[in-house]
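This report describes a protein model, going from one chain to the contact between chains and then to single residues. Please keep the sequence and the structure in view while reading.

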Protein chains: 2
Amino acid sequence: MSRLAPLSGFPEWSPSERIVETHLLDTLREVFALHGFGEIETRAIEPLERLGGEAEASKEVYVLTRRGGDSAEFGLHFDLTVPFARYVEERQGTLQFPFRRFQIQKVWRGERPQEGRFREFYQADIDVVARENLPAHLEAEVAVVMARALAALPLPTARMRMNDRRLVEGFYRGVGISDVAGALRSVDKLGKIGAQGVATELAAQGVSDSAALAILELAKIQSPDASFGQAVVDLWETTPTQGDEQAQSLLAEGINALATLVESVNAAVPGTAIADLSIARGLDYYTGAVYETTLEGHEDLGSVCSGGRYDSLVAGGGFPGVGMSIGVSRLVSRLVSRGMLVATRSVPSAVLVAVIDEDNRGSSDTIASRLRARGIACEVSPTAAKFGKQIQYADRRGIPFVWFPRDGDDGEVGAGHVKDIRSGDQVPADADVWVPPADDLKPRVVRG
Amino acid sequence: MSRLAPLSGFPEWSPSERIVETHLLDTLREVFALHGFGEIETRAIEPLERLGGEAEASKEVYVLTRRGGDSAEFGLHFDLTVPFARYVEERQGTLQFPFRRFQIQKVWRGERPQEGRFREFYQADIDVVARENLPAHLEAEVAVVMARALAALPLPTARMRMNDRRLVEGFYRGVGISDVAGALRSVDKLGKIGAQGVATELAAQGVSDSAALAILELAKIQSPDASFGQAVVDLWETTPTQGDEQAQSLLAEGINALATLVESVNAAVPGTAIADLSIARGLDYYTGAVYETTLEGHEDLGSVCSGGRYDSLVAGGGFPGVGMSIGVSRLVSRLVSRGMLVATRSVPSAVLVAVIDEDNRGSSDTIASRLRARGIACEVSPTAAKFGKQIQYADRRGIPFVWFPRDGDDGEVGAGHVKDIRSGDQVPADADVWVPPADDLKPRVVRG
């Protein structure tokens with residue numbers, strides 16, 4: 001189905017595949033706006049020091065130079081969070097907080113390309129950012145908006161797995177782990193390297209066997225409701241802990257927050273949220289809820305929508321927020337390469353207006369204008385070939401209807417006949433009145 | 001109005017300015033699709049050799065390297081024609097011709113930034129490309145589609161100035177100019193360097209004084225109809241020519257084509273087209289119609305929509321086509337910086353649903369869901385502050401309506417009151433029935 005992009009990692013779609021992508025993007029825009037998120041768009045480039053400078057992780061950054069001779073100071077953004085943080089910082093005096101924004105743009109990462117992992121791809125992000133205090137209910141709201149956005153698309157069922165950083169940090173510290181971030185980065189690889197691999201990494205970090213065992217047990221806990229809390233408490237009680245009261249209260253806070261989160265999301269979009277204590281997310285800067293989302297039957301694709309709550313969007317501190325991001329191109333790639341979603345046709349035109357002869361092209365143009373005035377996309381035949389040829393042309397383009405104008409002399413220019421070239425049915429029609437069946441008005445995106 | 005972008009040449013809009021830009025982009029998409037143009041999108045990068053290699057003109061290209069170490073082989077595209085040509089070349093076996101496509105993407109040029117000249121900007125292109133023969137009427141059609149797209153936007157009147165390369169080449173060759181492309185490049189600077197400047201450049205190219213005088217006279221001819229033809233013939237007859245019959249027949253062919261073009265476009269979109277023999281367009285590859293478009297009262301902005309007909313889209317030859325391109329960001333910049341277009345509000349939400357207290361947040365969420373189910377964008381108050389504070393919050397965000405839920409105990413959750421905070425009017429309302437006035441449903445873009 002999908003044509004292999006000739007430049008690995010830089011997907012390009014056929015016209016009909018692009019209709020699928022556009023449908024996804026438009027649906028996301030619509031759902032985000034319905035929930036009061038406004039769109040912003042940022043420039044594609046950022047100063048290199050904002051993109052990680054010389055650090056190891058920044059190896060994936062595409063650095064820009066100009067033939068003319070500028071030295072390299074800028075790179076292409078690799079996500080939409082870095083530019084969003086700058087945007088908020090620059091405009092903090094004029095934006096209204098909590099600031100609710102969505103942003104749908106391409107990002108670039110110089111990773112080794114593989115299936116579903118691109119070097120250029122669309123991300124669709126929503127974030128709510130406060131100036132000082134971010135109410136906890138926004139952690140549920142952002143997940144609900146994303147769950148509704150995914151549900152509005154013709155996709156397999158989305159399962160949103162959630163955890164809470166306070167729960168994890170309280171537990172980890174309670175069992176004596178000092179480098180919580182390091183341990184989290186290992187646990188984040190659970191799906192890739194398995195429990196044994198994670199245990200090996202943890203041992204290398206100096207984590208005791210009993211602590212490693214405990215946090216691997218913690219990662220097994222999941223429930224689609226608040227019941228995970230009791231399981232955590234049970235595990236805590238059978239695990240040797242340090243009696244760190246601060247850790248214990250952090251754990252309790254996290255359990256309560258996650259229970260509320262999962263139940264709120266499931267109340268709004270039933271069957272979506274699962275408390276899953278294996279969810280780690282690699283990034284250090286999350287401080288509350290973290291989310292990952294898989295599509296049923298497509299777990300191999302990894303998370304298609306992830307995010308979390310953070311205490312400071314900007315480097316200097318302040319601007320706590322919560323956000324999630326959909327990897328749109330990865331989704332589109334899976335959907336079109338497996339033929340799961342297809343466009344009903346590859347062109348916008350519902351009608352090809354035939355041309356009797358070149359002297360009468362003006363009549364065909366007039367008919368087309370009248371159809372367009374009523375929102376019916378159409379095109380006029382490029383040549384005045386025999387009608388059979390013009391029908392063939394419509395058929396090759398995938399245009400469902402051909403309009404035959406009446407010959408110049410006899411009567412109103414808008415009157416004619418319209419033929420459904422799939423069924424062969426032909427009826428008299430008036431260009432100011434006729435409409436195609438609703439299903440044929442525009443290309444639609446349907447399950448393949 | 002418009003906040004100065006902190007990185008010169010890389011414009012970023014405020015949320016309300018972005019609404020203006022989105023309105024323009026959505027309108028263009030809609031008009032293009034109504035005329036049977038399908039959308040494609042290409043990757044942002046191209047191999048350097050396709051971007052002009054080491055040539056002088058390619059100094060504006062942004063070259064990409066990866067921290068990881070790839071050598072520089074790719075650059076950011078500087079227009080949408082180069083990637084479109086590659087797309088057509090790669091997919092010639094599957095595309096249907098004439099292929100009608102539109103493409104709206106950002107492009108990058110490392111030019112010295114100045115007002116209305118950006119380093120990152122949106123272009124919106126339409127092209128029709130044939131495999132072998134491109135009928136002349138498509139030169140009119142493309143201009144008509146662009147004229148209608150511009151007319152669909154709340155812009156000053158657009159004037160589309162047109163010329164024909166055959167007319168120019170016939171005339172130039174007739175008066176003895178051998179380097180037609182060189183002379184054209186000079187005439188293209190008429191607006192910038194004036195007739196005297198052009199004459200000096202032509203003399204430097206070895207063009208005789210009488211020939212220079214003649215082509216400067218030719219550039220003065222314009223008419224909104226076919227009458228320019230007689231003026232050209234008159235000039236030709238009073239100018240010493242070489243008696244080159246081929247040149248003369250090219251001239252005649254060009255005059256006829258341009259007359260048909262101008263009259264066809266004006267028949268479809270009255271008052272749009274002007275034959276203007278000063279229109280040169282710098283690019284060598286045009287072979288028929290060439291177009292430039294100015295907005296009345298904003299001639300200083302230069303051409304906002306330009307293009308032409310070409311014999312071969314791809315380097316190897318073949319694929320004749322005709323296309324035009326709108327410089328969208330330049331337009332948006334002018335419109336927002338002068339306050340000519342403004343959004344009626346900066347957020348999508350028509351309604352802020354107030355929250356009585358945190359225990360009743362669920363009722364407010366339910367009301368919001370019911371409004372959204374009927375397409376009414378809304379958000380729930382982030383805090384359960386006093387209603388006065390919640391109204392203030394809506395006011396600061398520019399949300400026109402505040403919904404007050406009825407207190408939990410007495411009656412249906414969807415019932416409540418809705419207040420227009422601009423007028424202060426408050427009415428009882430049902431979340432399954434109430435609709436805002438049509439003008440308030442979504443942010444609209446209006447003349448400032």
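The model is predicted.

**Chain A as a whole**

Chain A has 448 residues, and 57% of them count as buried. Its secondary structure comes to 13 helices and 19 strands. Along its principal axes, the C-alpha trace of chain A spans about 95 × 55 × 45 Å. Contacts within the chain can also be sorted by how far apart the partners lie in sequence. Taking those in chain A between residues at least 6 apart, 69% join residues at least 24 apart.

**Strand β10 of chain A and its partners**

Strand β10 of chain A runs through residues 286-295, and nine of its ten residues are buried. One of its partners is strand β7 (residues 158-164) of chain A, which runs antiparallel to β10(A) and is joined to it by seven bridges. In this pairing, A:A158 has A:L295 as its bridge partner. Strand β11 (residues 305-310) of chain A also pairs with β10(A) in the antiparallel sense, over three bridges. Here A:Y291 stands opposite A:G307, which belongs to β11(A).

Strand pairing also occurs between the chains. Strand β3 (residues 62-66) of chain A and strand β3 (residues 62-66) of chain B run antiparallel and are joined by five bridges. Within this pairing, A:Y62 has B:R66 in β3(B) as its bridge partner.

| Strand | Partner strand | Sense and bridges |
|---|---|---|
| β7 (residues 158-164) of chain A | β10(A) | antiparallel, seven bridges |
| β10(A) | β11 (residues 305-310) of chain A | antiparallel, three bridges |
| β3 (residues 62-66) of chain A | β3 (residues 62-66) of chain B | antiparallel, five bridges |

**The interface of chain A and chain B**

At the interface, 77 residues of chain A are in contact with 77 residues of chain B. The area buried between the two chains is about 6,700 Å², and carbon and sulfur atoms give 51% of it. Between chain A and chain B, 34 residue pairs are in polar contact. The side of chain A that touches chain B draws its largest share, six residues, from helix α1 (residues 15-34) of chain A. Sorted by class, this side of chain A has 32 nonpolar, 18 polar and 27 charged residues.

Ten salt bridges are found across the interface of chain A and chain B. In a salt bridge between B:K106 and A:E41, the closest N and O atoms are 2.9 Å apart.

**Two residues of chain B**

B:T294 lies in strand β10 (residues 286-295) of chain B. Is B:T294 buried or exposed? B:T294 counts as buried because its relative accessibility is 14%, and the cut-off for buried is under 20%. Leaving aside neighbours within four places in sequence, B:T294 is in contact with B:T157, B:A158, B:R159, B:R161, B:E299 and B:G302.

B:R330 lies in helix α10 (residues 328-337) of chain B. B:R330 counts as partly exposed because its relative accessibility is 21%, a value between the cut-offs of 20% and 50%. A polar atom of the B:R330 side chain lies 2.9 Å from the backbone oxygen of B:L301. B:R330 and B:A394 are 64 residues apart along the chain, and their C-alpha atoms are separated by 33 Å.

Definitions and conventions. Residues are numbered from 1 along each chain as its sequence is written. Chains are lettered from A and ligands numbered from 1 in the order in which they are written. This is a predicted model: local features need pLDDT of at least 70, side-chain atom pairs count only at pLDDT 80 or more; totals for chains, interfaces and linings use all residues. Side-chain values use heavy atoms; hydrogens and water are left out. Helices (H or I, at least four residues) and strands (E, at least two) are DSSP runs, numbered from the N terminus. Buried means under 20% relative accessible area, exposed over 50%, partly exposed in between (1.4 Å probe, protein chains only). A polar contact is a pair of N or O atoms within 3.5 Å; within protein, one must be able to donate a hydrogen and the other to accept it, and residues adjacent in sequence count only if both atoms are side-chain atoms. Contact means heavy atoms within 4.5 Å. Buried area is the accessible area (1.4 Å probe) that two parts lose on being put together, summed over both. A salt bridge is a side-chain nitrogen of Lys or Arg within 4 Å of a carboxyl oxygen of Asp or Glu. Ala, Val, Leu, Ile, Met, Phe, Trp, Tyr, Cys and Pro count as nonpolar, Asp, Glu, Lys and Arg as charged, and the others, Gly among them, as polar. Two strands pair if DSSP finds at least two bridges between them.
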